[in-house]
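Here are some exercises with worked solutions for a reader new to this structure. Please look through the sequence and the model before starting.

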Amino acid sequence: YLRKKTLERKERGFQSRVRDRHLRLKGFVTTSTLEVPGDLSSNRTRPSDNDGLWTALYLAAQSYRYSVTGDEEAREWAEQAFDAIEWLEGVTTIDGFPTKAIVAARDDTGSDAVFWHPSAGCSWLWKGDCSSDEIDGHMYGYSIFSDLAADEAYRERIIELVNRIMGPIIDNGYLLLGIDEKPTRWGVWAPEYLNG
């Protein structure tokens, strides 16, 4: 059964679905599942390996929305998304290293193959791996937000964050080094690794 919808009406449906069922902690756009099939009230979010990437794409989408509509709600949601992504770097114990996901220290991290590490205050756990697609997504989200929706204070924060993340990557031969000071499995842009 198909119903005709305006693009604006369709967009509102997607916005409410994300806001109602896919936000976690301080604004991460993430995976969710229904504990009871078909029962939306049983929805539970969970961390994923792409909390940063999905949130960065949401950041860009809200920035585009703000640019087109001037809707302050879109700017507020973009700011919330940026704050969450910025926290991915701030929570780790490695300057300039953003994690993929954060959970409260009391939460069960399940049987993930990747190690979780405590934050400096030990209130949070962060995943000890990050990949090139995560970083690429972050940079995309930052740039669109900066160009279309961020005020001057947010632009300054973006510049500082990009410098903290990209400085070590460039200094280490285009490799993202983890807590063991070795490249993460997928944090590689080095030509000698990629070209052949």
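**Exercise 1.** Which residue stands opposite Trp-116 in E7?

Solution. Trp-116 faces Lys-127 of E7. This is a predicted model, in which local features need pLDDT of at least 70, side-chain atom pairs count only at pLDDT 80 or more, and totals for chains, interfaces and linings use all residues. Residues are numbered from 1 along each chain as its sequence is written, and side-chain values use heavy atoms, with hydrogens and water left out.

**Exercise 2.** Work out the order of the strands in the open sheet and find its edges.

Solution. Strands here are DSSP runs of E, at least two residues long, numbered from the N terminus, and two of them pair if DSSP finds at least two bridges between them. The three strands follow the order E5-E7-E6 with antiparallel pairing. Strand E5 (102–104) and strand E6 (116–118) each have a single partner strand, so one side of each is left without a neighbour in the sheet. From one strand to the next, the twist averages 30°. Between E6 and E7 (residues 124–127), the antiparallel pairing runs over three bridges.

**Exercise 3.** Describe how helix H3 meets helix H4.

Solution. Helices are DSSP runs of H or I with at least four residues. The axes of H3 (residues 72–90) and H4 (residues 132–148), lines fitted to C-alpha atoms over the stretch in contact, come within 11 Å and cross at roughly 140°, on a scale from 0 to 180 degrees between N-to-C directions. The contact (heavy atoms within 4.5 Å) involves Ala-78, Glu-79, Phe-82, Ile-85 and Leu-88 of H3 and His-138, Tyr-142 and Phe-145 of H4.
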